[in-house]
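Hi,

Here is the two-chain model I said I would pass on. Have a look at it first, and my notes follow below.

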Amino acid sequence: MIEEIITSGRMNPEIDPVLHAWGWEIPLYLFLGGISAGILIFSAYFTLRGRQDELPTAVKWLPLTVPVLIGVGLLALLMDLSHVLYAWQLFTNIRWESPMSWGAWTLFIITPLSIAWLAIWLEDIFPKWDWKFDEVKTVINWLKDQKRIMAQILILLSVILGMYTGILLSAFNARPFWNTSILGPLFLTSGLSASAALIVFFSKSEVEKRLFTRIDIILIGMELFMIIHLFMGHLAGTQVHIQAAQMFLGGPYTVYFWIFVVGLGLVLPVILELLELKHKFIPAIVPVFLIVAGNLMLRFIVVNAGQASRWLY
Amino acid sequence: MRYAMAVDTKKCVGCSDCVVACQTENDVPIGYCRDWIVEKTTGTYPELQLEIRSERCNHCANAPCVRTCPTEASHYGPGGVVLVEHSECIGCKACITSCPYDARFVHPEGYVDKCTFCIHRVEKGQNPACVSVCPTHAMIFGDLDDPNSDISRAMATRKWKSLIPEAGTKPKVFYLL
């Protein structure tokens, strides 16, 4: 028998008995950041391919939501900070070793850039809009000339944003469940998949729906592959990593993860999407709801389980 | 200068005096603590072994909290002591989740707080509060770079371990066995 207990009655709030420093704010932010990154990547990529008129929902419409999504995400992030009046300190330093730091800087650039990006498409979306001031038109026309370079920067920054939501967690070797580099690509892929599902849902064009259904099926396939890899990596790791994996293989997270995230959030929607491609009628809201809810739940479970996994005691 | 601490597990009786001394000296808010006692029991009755450890921040030489801090609030102070600059801390809790020893917490005023090795006392030539009150003299504090310091002598003559060295943090609190 080995028993290790704290006998001096340590009960630090949010630390004991199980670490819970990050509540709902962080997973919500990771979720919104991932979806924003996905939407921007699709929009910028298909602009570079010159398919903006063929795929209007993906390229022009959905980027309208990005500043709102990032805004809500940032609000959640600020709510999580316990010393929030000092938040400006984030921007007096660049610390390459801290994913939190380069995430903050990425957001600092990508937020205004995403607003500039949607400004490019406003005329296409609302052709009858009266701009009133000529200066606004001049600025928008100037932005339109920079479309290609903006799209390239957006793709780069959005990939960083999508990856960083996972790397943020995997940088902590103190939490064995997070300590796997596959979390970065997994969160990026799942963000892309959720935004593809949203495009399918909002799109009115058959071409666009079919293209993004296909893309989504591939992305979900990759996600399933990465989830298997995540557990293979942990099970082939040290004792603490094996214990971390066992929280999902018989432990407290088993049902939530395998039934809700994998079953209802990945496998079922991929089957529905395959049926959709075979022209079976599936109400469009069903797969998109399942995918987006599964996406959110994945973040919540990973953030919680990581904090529950540990080295000591 | 490399400040470090050694706790003699053969002398520690787990009285928690160090915990109370720290709370008093550092005005630690009620309900929080910067150090604590762990009792580890191994074996099967009647052959039981007991190890008692007074634990705290390990002031790691490769501190993950310093690495993950986005603002340089967590930093290496004099003698490699890991400190938090309150006016730079934004309370993002990255350091809390990155600490394998769970040594940090959010102070009710918002910044992140933890053991400082009582650097304010050490700089005046005194021992940290926990060391100074230990009734069994189970704790030794000193400079590892000085081969004649009490801690260097103890480390040279006794068997010792540190906590989860496999986490790669290079901790500087040692346990004499």
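Starting with chain A: buried residues make up 45% of its 313 residues. Buried here means 20 or more other C-beta atoms within 10 Å of the residue's own, exposed means 12 or fewer, and partly exposed is in between, with C-beta atoms placed from the backbone.

Before the rest, some housekeeping. This is a predicted model, so to speak of local features we need pLDDT of at least 70, and side-chain atom pairs count only at pLDDT 80 or more, while totals for chains, interfaces and linings use all residues. Residues are numbered from 1 along each chain as its sequence is written, and chains are lettered from A and ligands numbered from 1 in the order in which they are written.

**Chain A**

The secondary structure of chain A is 11 helices and 1 strand. (Helices are DSSP runs of H or I with at least four residues, strands are runs of E with at least two, and both are numbered from the N terminus.) From the N terminus on, the order is β-α-α-α-α-α-α-α-α-α-α-α. The radius of gyration of chain A is 21 Å, close to the 20 Å from the globule rule for 313 residues, so chain A is as compact as a globular protein of that length. That radius is taken over C-alpha atoms, and the rule is 2.2 Å times the number of residues to the power 0.38. Along the principal axes, the C-alpha trace of chain A spans about 75 × 55 × 25 Å. Of the contacts in chain A with a separation of 6 or more, 73% are between residues 24 or more positions apart; a contact means C-beta atoms, placed from the backbone, within 7 Å.

Helix 7 (residues 183–202) and helix 8 (residues 206–235) of chain A have axes that come within 8 Å and cross at roughly 155 degrees. Axes are lines fitted to C-alpha atoms, for helices over the stretch in contact, and angles run from 0 to 180 degrees between N-to-C directions. Helix 7 and helix 8 of chain A are therefore roughly antiparallel. For that wording, angles under 35 degrees are roughly parallel, over 145 roughly antiparallel, 65 to 115 roughly perpendicular and the rest oblique. The crossing of helix 7 and helix 8 of chain A is left-handed, and the residues of this contact divide into 15 nonpolar, 4 polar and 4 charged. Left-handed means that the near helix is turned anticlockwise from the far one by less than a right angle, right-handed that it is turned clockwise. Ala, Val, Leu, Ile, Met, Phe, Trp, Tyr, Cys and Pro count as nonpolar, Asp, Glu, Lys and Arg as charged, and the others, Gly among them, as polar.

The second pair is helix 1 (residues 25–48) and helix 11 (residues 285–308) of chain A, whose axes come within 9 Å and cross at roughly 140 degrees. That makes helix 1 of chain A oblique to helix 11 of chain A, and the crossing is right-handed. I26(A), P27(A), L30(A) and F31(A) from helix 1 meet N295(A), L296(A), R299(A), F300(A) and V303(A) from helix 11. By class, this contact has 7 nonpolar, 1 polar and 1 charged residue.

**Chain B and the interface**

Chain B has 6 helices and 10 strands. Its radius of gyration is 16 Å, close to the 16 Å that the globule rule gives for 177 residues, so chain B is also as compact as a globular protein of its length. Of those 177 residues, 48% count as buried.

Where the chains meet, 45 residues of chain B are in contact with 40 residues of chain A. Strand 2 of chain B gives the largest share of the chain B side, 9 residues. That side has 23 nonpolar, 15 polar and 7 charged residues. R67(B), in helix 2 of chain B, touches E97(A) and S98(A), not counting residues up to four places away in sequence. R67(B) counts as buried, with 20 C-beta neighbours inside 10 Å.

- A cis peptide bond joins D16(A) and P17(A), with omega about -5 degrees; P17(A) is in the loop between strand 1 (2–6) and helix 1 of chain A.
- The Y45(B) to P46(B) peptide bond is cis too, with omega near 5 degrees.
- H59(B) is not a glycine but has a positive phi of about 45 degrees, and H59(B) is buried, with 27 other C-beta atoms within 10 Å.
- I164(B), not a glycine either, has a positive phi of about 30 degrees; I164(B) is partly exposed, with 16 other C-beta atoms within 10 Å.

Cheers

Note on methods:
Two residues are in contact if their C-beta atoms, placed from the backbone, lie within 7 Å.
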